[in-house]
Amino acid sequence: MQLRLIRLPLVAFFETSFGRVYDKTFILVSLEGDGAQGLGECVAENDPYYSAETKQADFARMQAALNDIPKGSIVLLHACCHNPTGADLDEQQWRTLAGLVKSRGLLPFFDIAYQGFGEGLEEDAFALRHFAEQGIPLLVASSFSKNFSLYGERCGSLSIVCADTREADTVLGQLQATIRRNYSSPPAHGGRIVSAVLESDELRTAWTNELTAMRVRIKAMREGLHAALKSRKPGHDFDYVLKQKGMFSFTGLSVEQVTRLREEFAVYLVGSGRLCMAALTEATIAPSADAIAQVLD
Ligand SMILES: Cc1ncc(COP(=O)(O)O)c(C=O)c1O
C-alpha cells in the first residue's frame, strides 16, 4: 500500500505543545485543495481513501492504512465535501474512525474548507463534534474563503481541542511563539468581516440563508447533470454525481477525455477529471452533458 508522507515544520510545534510522542509524520490521507490538480491521478490509483471503481470513499482501505501507520501519527482529514473527490464518510464511518484514532493514539488534524456546502453547517461539522465528544485531542483548520466568499482575503482559523486546561495553556503559548516567528500579526480585514457576521443575529441569519441557497443550487446542478447524463448514456452509472458532496465531483474521466472536452467542446475540467459543480448553470448542463456523453463513447 502506498502512502504519501509529508513532513511539515509544525512538527516542532506539536512536540513542544502536546508533550507527547507524536510521530513526526503527516499522513496525507486526504488531498489538499488545489494540489488536487497535480495529484489527481495519484488519488485515483494510490490514495488509501478513494475507490476509483465506486467513486466513493474506500473505508476498508482507509482503516487498513490507518492501522498500518506508526502510532501517534498526525492524520489530515477532510471533515466534509472532500476535495477533490466529493466522497465523504457517513456518520457511522466517522464513529468507527474515532474509535480507531483513539485506540491508536493518532492526532486528527481536520481541514474544513467547505462547511455548509455538504448537508448544512451543523451536519458538516459532525466529525469534529463527535471526535471532541470522545475526548480525542484535535486540530481544526477552518477556511472562510468559500462559505464567506472571502477568497481574496485568505481568511480562516485554527482551533485546537486539548485534553485539559494545562495542555491548552501550553498549546496557546506555543502557538503564540509560532505565530510571532511566522506572520506576527495577521491581516485583519477578513477576520473582522467574519466576526461581525457571526456576532450579529441578523447578519448571521442572512449569511446562513445565503449559504443554504448556494448549497441547494449546487445540489440542483447535481440532479440536473445526473438526469442529463443518464438520458444520454442510459447504460452508464452516474449515481456518483448525486452521492458526492460539495463543490466537486470526481468523474473518473481520463486526461485524454478531459483534453477532448476542453479542445473540442470548450468544457473545462481539471486534468484529474475533477468537475466543479458550482460552475454549472441551468444553461450549461445540457451542452456539458452532450460533450461528456461524446467523450465517453
Ligand atoms: C480542502 C481544502 N482546504 C483548504 C483550502 C484552502 O483554504 P484557504 O482558502 O482558506 O487557504 C482549500 C481550497 O482552496 C481546500 O479545498
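Helices (H or I, at least four residues) and strands (E, at least two) are taken here as DSSP runs, numbered from the N terminus. The structure is a predicted model, in which local features need pLDDT of at least 70 and side-chain atom pairs count only at pLDDT 80 or more, whereas totals for chains, interfaces and linings use all residues. Residues are numbered from 1 along each chain as its sequence is written.

On this basis the protein chain contains 11 helices and 10 strands. Of its 297 residues, 33% count as buried, a residue being buried if 20 or more other C-beta atoms lie within 10 Å of its own, exposed if 12 or fewer, and partly exposed in between, with C-beta atoms placed from the backbone. Two residues are treated as in contact if their C-beta atoms, placed from the backbone, lie within 7 Å. Among the contacts in the protein chain with a separation of 6 or more, 71% are accounted for by residues 24 or more positions apart.

A nonpolar core is defined as a set of buried Ala, Val, Leu, Ile, Met, Phe, Trp, Tyr and Cys residues joined through C-beta atoms within 7 Å. The largest such core comprises 50 residues, and Ala-79, Phe-110 and Leu-128 have the most contacts inside it. Helix 8 (residues 201–232) gives the most to this core, contributing five residues. Because domain 1 (5–198) and domain 2 (221–296) both give residues to the core, it lies between them; the domain bounds come from an automatic or database domain assignment. In soluble globular proteins, nonpolar side chains tend to be buried together. When residues up to four places away in sequence are not counted, Phe-110 touches Leu-77, Ala-79, Ala-127, Leu-128, Leu-138, Leu-139, Val-140 and Ala-141.

Angles under 35 degrees count as roughly parallel, over 145 as roughly antiparallel, 65 to 115 as roughly perpendicular and the rest as oblique. A crossing is left-handed if the near helix is turned anticlockwise from the far one by less than a right angle, and right-handed if clockwise.

Helix 10 (residues 255–265) and helix 11 (residues 282–296) pack at an angle of about 130 degrees, their axes lying 10 Å apart, which makes helix 10 oblique to helix 11. The crossing of these two helices is right-handed, and the contact is formed by Gln-257, Arg-260, Leu-261 and Phe-265 of helix 10 together with Ala-291, Ile-292 and Val-295 of helix 11. For helix 7 (residues 189–199) and helix 8, the axes come within 5 Å and cross at roughly 100 degrees, and the two helices are therefore roughly perpendicular to each other. Here Ala-196, Val-197 and Leu-198 in helix 7 meet Leu-203, Arg-204 and Trp-207 in helix 8. The axes of helix 4 and helix 5 (residues 126–133) come within 10 Å and cross at roughly 35 degrees, again with a right-handed crossing; Glu-91, Trp-94, Arg-95 and Ala-98 in helix 4 meet Phe-126, Ala-127, His-130 and Phe-131 in helix 5.

Within helix 4 (residues 91–104) lies Val-101, which is buried, with 20 other C-beta atoms within 10 Å. Beyond residues up to four places away in sequence, Val-101 touches Val-75, Leu-106, Pro-108 and Ile-136; Ile-136 is 35 residues from Val-101 in sequence, with a C-alpha to C-alpha distance of 8.2 Å. Met-277, in the loop between strand 10 (274–276) and helix 11, is likewise buried, with 22 other C-beta atoms within 10 Å. Apart from neighbours within four places in sequence, Met-277 is in contact with Ile-218, Met-221, Arg-222, Met-247, Phe-248 and Ser-249, and the C-alpha atoms of Met-277 and Ile-218, 59 residues apart along the chain, are separated by 6.2 Å.

Backbone geometry was also considered. Most residues other than glycine have a negative phi, and most peptide bonds are trans. The peptide bond from Asn-83 to Pro-84, however, is cis, with omega near 20 degrees, and Pro-84 is found in the loop between strand 5 (74–78) and helix 4. Cys-81, which is found in the loop between strand 5 and helix 4, has a positive phi near 50 degrees and is buried, with 26 other C-beta atoms within 10 Å. Ser-184, in the loop between helix 6 (165–182) and helix 7, has a positive phi near 65 degrees, but is exposed, with 7 other C-beta atoms within 10 Å.

Note on methods: Axes are lines fitted to C-alpha atoms, for helices over the stretch in contact, and angles run from 0 to 180 degrees between N-to-C directions.
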